[in-house]
Amino acid sequence: MSKNGVNIRIQDLKTDGAHLRDLNITIGSVLRDTWEEKQGPTPFPSLTTLRSWDKRLLNRYKPFYMPFCDLCCLCTYGKCDLTGKKRGACGISMPAQQSRTVLISACIGAATHTSHSRELLTYLTEKFGRDHPINFGDVGIEVEAPITRLVCGIKPTNLGDLESVLDYCESQITQLLAVTHTGQEGNNLDFESKIFHAGMIDHVGMEVADIAQISSLNFPRADPEAALVDLGLGTVDLEKPVILVIGHNVPPAASIIDYLRDNGLVSAIEVTGICCTAIDMTRYSSKAKIIGPISWQLRYIRSGVPDVIVIDEQCVRTDTLEEAALIHTPLIATSEKNCLGLVDRTEDSVEDIVEGFVSGTVTGALILDPEKVGAVAVRTAQALSPKRKKKGTIPSKEQLVEFAKKCTQCMLCRRACPNDLPLPQAIKAAAGGNLSGLDEIYDDCLGCGRCEPACAQKIPVHSLIVSAADKKTREDTYCLRTGRGPIRDVEIRKVGGPIVLGEIPGVVAFVGCANYPKGSREVAEMCMEFAKRRYIVCTSGCSAMSAGMFRNEEGKTAYEQYSGAFEAGGIVNVGSCVANSHIAGAAIKIASVFAKRPLRGNYEEIADYVYNRVGAVGVAWGAMSQKAVAIAAGFWRLGIPVVVGPHGTKYRRMLLGRADREEDWYVHDARTGDKVYVGPVPEHLFFAAETKEEAMVMIAKLTMRPNDTSKGRANKLAHYIDLHKRLVGGIPADVSLFVRTRADIPLTMKDEIERHLAGQNWTERPIPDPTLLPRMIHKRV
Amino acid sequence: MNESWQTAEIPGPKKASLIVKPEIADAIIRRAKRPILIVGHGILEYDVEGKKLIDCLIALARKGNIPVVVTASTNREFLSRDFKPAAIMPAVDISNRLTDPVWKGLDGKDPYDLAIFVGLPYAMESTLLSGLKHFAPGVKTMTLDCLYQPNASWSFPNSTIKDWAESLKGIVSNLGD
C-alpha cells in the first residue's frame with residue numbers, strides 16, 4: 001500500500017458539453033494497493049461498525065460496576081451525586097458515568113500509545129525516509145502487521161504507509177473523546193462498545209510503533225534467542241559514570257548509545273534504564289542495563305547512582321526533577337509531552353548545556369533533538385561523575401534509627417500506603433535497632449512514596465525502607481531476555497493446531513505495570529508455574545522485568561530456565577508496552593496464518609475465531625495506568641479475557657459472565673445451525689483476583705474454549721482441577737459445567753470426577769463448531 | 001470516628017453507619033431474613049485473643065445460621081476446622097450476583113438481604129461495597145473488619161485489634177442468646 005499526493009492540471013479542454021480552462025485538481029492521496037487478498041467487510045471501522053459484535057460480547061459479560069467515586073465533577077453543573085438511581089444535572093446515570101470514565105481512560109491510553117507511535121514514526125521517517133521498508137528480514141514473517149491488516153484492511157510495506165494508519169487512529173481517538181462530552185452518549189453499553197473501539201485502535205497504534213522501530217533500529221526480529229541482558233540495581237558498575245533513562249520512547253536512549261559507539265566509550269559508561277525505554281534500549285544494545293519496573297524510580301534515583309537522568313514520555317514520576325536536584329544530578333527532558341517547566345535548550349550548543357550542568361548553575365534542560373541529547377548526556381556524565389561521587393539521599397543505618405525514633409505511631413504512613421503495609425510497626429522496631437520489618441516491606445513496596453508526605457514528622461519513610469534493604473539492593477542481579485518482537489509465522493503454524501485443539505493448554509500473557517499487591521515475585525512465580533505446565537507464557541513491559549527478578553532453587557531466572565520460543569513451556573518476552581501488539585497479533589495470526597481465515601478488514605470473523613478457539617488469557621497483575629485499560633480493551637474486543645490484581649477493581653467495572661445462567665452460554669453450531677450450550681467458556685472477560693492463588697486457578701479456567709477437542713479439554717481441565725486442589729482445596733464445584741463428554745475427563749482423575757458428576761445431574765452434550773455469528777453457519781436453509 | 005482507613009478514600013454523600021457496640025451488629029444480623037457472610041483471605045492474618053479470627057467467624061456463622069462464601073484460598077482453613085463453606089467464589093463474582101435482584105441465592109430459595117464482608121484487601125472491599133451500595137438496593141452490607149469502610153451500610157470505626165476483638169466476641173456471644 002502506498003499513499004501519494006496527485007495533482008491534475010487541465011489547461012484547455014473542449015467537449016460537446018463543456019469548455020474547461022486552467023482547471024487544477026489536487027487529490028490529497030491515492031492508495032496504491034498491492035495486496036491481492038480480497039477486501040473484507042469492515043476496513044477502517046468507524047465508532048459503530050463493530051457495535052453488534054461488541055453487543056454480543058457485552059450480552060454475556062455484563063459490566064459489574066464498582067464506582068470509585070459517587071460523584072461526577074466533569075462540568076459546572078456539578079458536582080452531581082449519582083448515588084444509586086440518582087441522575088446528574090445532564091441526565092447521566094451512574095452506570096453510564098462509570099463506563100464514560102472508563103472510556104476517558106481508554107482514550108488517554110490509546111492517545112498515549114498513538115502519540116508515541118506518531119513521534120517515533122516522524123523521527124524514523126526523517127532519519128530513514130518514508131520508503132524505508134517494513135521488513136523483519138529473512139525470518140519467515142509474511143504477516144508483519146496483523147492488527148493493521150485486520151483493522152484497516154491494508155498491507156503496509158514501508159514507513160510512509162504507516163502514516164495513514166496513524167491518521168486513522170488519531171481521527172478515531174478524537175471522535176471517541178468527543179463521545180465523553182456532556183450530553184453526548186447516554187447509554188452505558190454504547191459507552192462500553194466505544195471502550196472496545198478505543199482498545200482496538202490502541203492495538204493498531206502500538207503495532208505501528210513497534211514494527212517501525214524494529215524495522216528501522218535493528219531490534220531483534222522475532223528472535224527466540226534474543227540476548228539475555230542485565231537486570232537489577234546490583235548490576236550497575238559504580239566505578240563508571242552512569243546515565244539513567246526513564247520512559248517509553250527510545251530515540252534519545254538510542255542516540256546516547258550511538259554517541260558512545262561513535263566515540264569508543266561503550267565500556268566506559270553505564271547506560272541504565274527504568275520502564276519500557278529500558279527494554280527497548282536493550283533491544284538496541286544488549287550492553288545497556290535494566291534497573292527495574294516503574295516502581296524502581298525513587299529508590300534508584302535516591303541511591304545517587306545516576307549522574308545524568310534523561311526522561312522521555314509516559315510513566316515518568318512527575319517529581320523526577322526535584323528528586324534529581326536532591327542528588328545533584330542534572331535532568332534532560334526530551335519530549336514535548338513532558339517538559340517539566342524546563343527551558344528549551346534545543347538550539348543551544350552541546351558545550352554550553354554541558355557546562356551549565358557541570359557547574360551546577362542549571363539543574364535541567366528541555367532538549368527536543370535526540371542526537372543532541374546523546375552528546376549532552378554522555379559528556380555531562382563523564383564530567384560530573386568524578387565530582388558527584390554517587391552521593392545519594394538514602395540514610396545510613398545510624399541515620400535510619402534516628403529518624404525512626406521520631407515516629408509517633410500516628411499510622412498516617414500506613415493509611416497512605418496503597419498496600420496497607422505495616423509501616424508503623426516496622427518503624428517502631430527500627431527505632432530499637434531491628435530493621436527486619438522494613439527490610440521485609442521492601443519486597444512488597446510499590447515505590448510510590450505516598451508514605452512520606454503523609455508523615456507529620458517528616459520522616460523519609462521510603463528511603464528508610466530502601467536503607468534497611470541495602471543488602472538486597474546490592475544483590476539485585478538478574479537477567480531478562482530482551483524483547484524479541486513478533487511471533488514468526490512458522491511458530492504459529494507449529495503451535496496453531498495444538499492451541500486450537502487445546503493440546504497446548506493455553507497462552508498466558510503477563511503484561512503491564514507494577515502496582516502489585518505483594519511485590520514482583522508473584523509475577524515470576526506465576527510465569528514459571530505456567531511455563532512448567534507447558535502453557536505458552538508471554539511477557540512484556542514492567543511485567544517482563546518482574547518475571548526475571550526471581551531465581552529458582554538452581555539460581556536461574558525464568559528467562560534462563562525456559563526457552564524464548566513461542567512454544568509449549570516457552571517464556572516469550574515480546575518487548576516494551578507497544579510490543580503487546582505482538583501478543584494480540586499472534587492470536588490473530590493463529591486465525592489467519594494457521595486456520596487460513598481471511599484477514600483483510602475482517603474483524604468480526606477473526607475475533608469470533610479467537611474468542612471461540614484460541615485459549616489465550618492476559619494477566620495484568622499490577623495494572624495501574626490508563627494505557628493498561630486501553631491494552632486490555634483491545635484484548636476484550638478480540639474475545640481474550642484479562643485478569644488483573646486486586647487493585648484492578650479501581651478500574652470501576654469488571655466484565656463478568658454468569659456461569660449460573662445457562663441461557664447465556666449458547667453458540668451457533670456452524671455445521672448445523674443449531675444453538676448449542678457450551679458452558680461458561682471463557683467465564684469472564686475482565687476479572688480482578690484477590691490473590692495470586694485465585695488468579696492462577698482462574699487463568700487455567702479461562703483458557704477453556706468451546707472448540708476444545710476432548711483431548712484438549714481434558715488437558716485444560718487437568719490443570720484447572722489440579723491448581724484448584726492445590727491452591728484452594730478440593731475439586732471445583734463447577735467442574736460439571738466444563739465436562740461435555742466422558743472423553744473430556746482427565747484420565748488421571750477419572751474416578752473422582754465421575755463420582756463428582758454423578759451427584760450433579762450431569763449429562764453428555766455435543767461439541768459444536770462454535771460461532772457467535774449467524775453468517776458463519778455453513779448450512780443454508 | 002468515621003474516617004476512611006485509607007486517607008484519600010473520601011466517602012461520597014452516602015456513607016456507612018458506625019457499629020459502635022456489638023449489640024448494633026447483633027441486631028442487624030438478627031433482623032436479616034437472608035444474611036450471607038463473605039470471607040476473604042485476610043482473616044488468616046488476625047488473632048482474636050489467642051484464637052484465630054477464622055474460629056470466631058465459624059462460631060458466628062454457626063450461631064447465626066449464616067451461609068459462608070469463601071474467596072481466594074481461604075477454603076482450606078475452613079475445611080481443616082470441619083466447616084464446609086456454602087460456596088467457594090471469587091469476591092467479584094459473589095458481589096456481582098448480589099446486584100442481581102432476581103438471583104435466588106446459592107440455595108435457589110430467595111435473594112439475600114444482608115451481605116457481611118470480612119478479610120478482603122481494604123481497597124478491593126471498598127470498591128465491591130461501592131458496587132453493592134449503588135446497584136443492590138435490596139441488600140444491606142456490613143463489614144466486620146477493624147477498619148472503617150464508608151461504602152458499607154454499617155462498619156466498625158477504625159479500631160485497635162484489642163477493641164475490635166472485644167466487639168467480635170460480643171457479637172458472637174450475643175447471637176447465642
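These legends go with close-up views of a predicted model.

**View 1. The open sheet of chain B.** Seven strands line up here in the order β1-β9-β8-β7-β2-β5-β6, with parallel pairing. At the edges stand β1 (17–18) and β6 (87–88) of chain B; each has a single partner strand, so one side of each is left without a neighbour in the sheet.

View 2. Strand β9 of chain B covers residues 154–155, and β1(B) pairs with β9(B) in the parallel sense over two bridges. Look for Ser17(B): its bridge partner in β9(B) is Trp154(B).

**View 3. Helix α1 packing on helix α6 in chain B.** The pair shown is α1 (residues 22–31) and α6 (residues 161–175), with axes 8 Å apart and an angle of about 45° between them. That angle makes α1(B) oblique to α6(B). As for handedness, α1(B) and α6(B) cross in the right-handed sense. On the α1(B) side, the residues making the contact are Pro22(B), Glu23(B), Ala25(B), Asp26(B) and Ile29(B). They meet Ser167(B), Gly170(B), Ile171(B), Asn174(B) and Leu175(B) of α6(B). Sorted by class, this contact comes out as five nonpolar, three polar and two charged residues.

**View 4. Where chain A touches chain B.** Here 36 residues of chain A are in contact with 34 residues of chain B. On the chain A side, β3 (62–65), α13 (412–416), β19 (653–656), β22 (684–688) and α26 (692–702) each supply at least two residues. By class, that side of chain A has 22 nonpolar, six polar and eight charged residues.

**View 5. Helix α7 of chain A, residues 276–284.** Nine of the nine residues of α7(A) are buried, so this helix is largely enclosed by the rest of the structure. Going along α7(A), the buried residues are Cys276(A), Thr277(A), Ala278(A), Ile279(A), Asp280(A), Met281(A), Thr282(A), Arg283(A) and Tyr284(A).

View 6. You'll find Ser105(A) in helix α2 (residues 94–128) of chain A. Ser105(A) has 21 other C-beta atoms within 10 Å, and because the cut-off for buried is 20 or more, Ser105(A) counts as buried. Leaving aside residues up to four places away in sequence, Ser105(A) touches Gln626(A) and Val629(A). Lys458(A) is 353 residues from Ser105(A) in sequence, and their C-alpha atoms are 34 Å apart in space.

Notes: Residues are numbered from 1 along each chain as its sequence is written. Chains are lettered from A and ligands numbered from 1 in the order in which they are written. This is a predicted model: local features need pLDDT of at least 70, side-chain atom pairs count only at pLDDT 80 or more; totals for chains, interfaces and linings use all residues. Two strands pair if DSSP finds at least two bridges between them. Helices (H or I, at least four residues) and strands (E, at least two) are DSSP runs, numbered from the N terminus. Axes are lines fitted to C-alpha atoms, for helices over the stretch in contact, and angles run from 0 to 180 degrees between N-to-C directions. Angles under 35 degrees count as roughly parallel, over 145 as roughly antiparallel, 65 to 115 as roughly perpendicular and the rest as oblique. A crossing is left-handed if the near helix is turned anticlockwise from the far one by less than a right angle, and right-handed if clockwise. Two residues are in contact if their C-beta atoms, placed from the backbone, lie within 7 Å. Ala, Val, Leu, Ile, Met, Phe, Trp, Tyr, Cys and Pro count as nonpolar, Asp, Glu, Lys and Arg as charged, and the others, Gly among them, as polar. A residue is buried if 20 or more other C-beta atoms lie within 10 Å of its own, exposed if 12 or fewer, and partly exposed in between; C-beta atoms are placed from the backbone.
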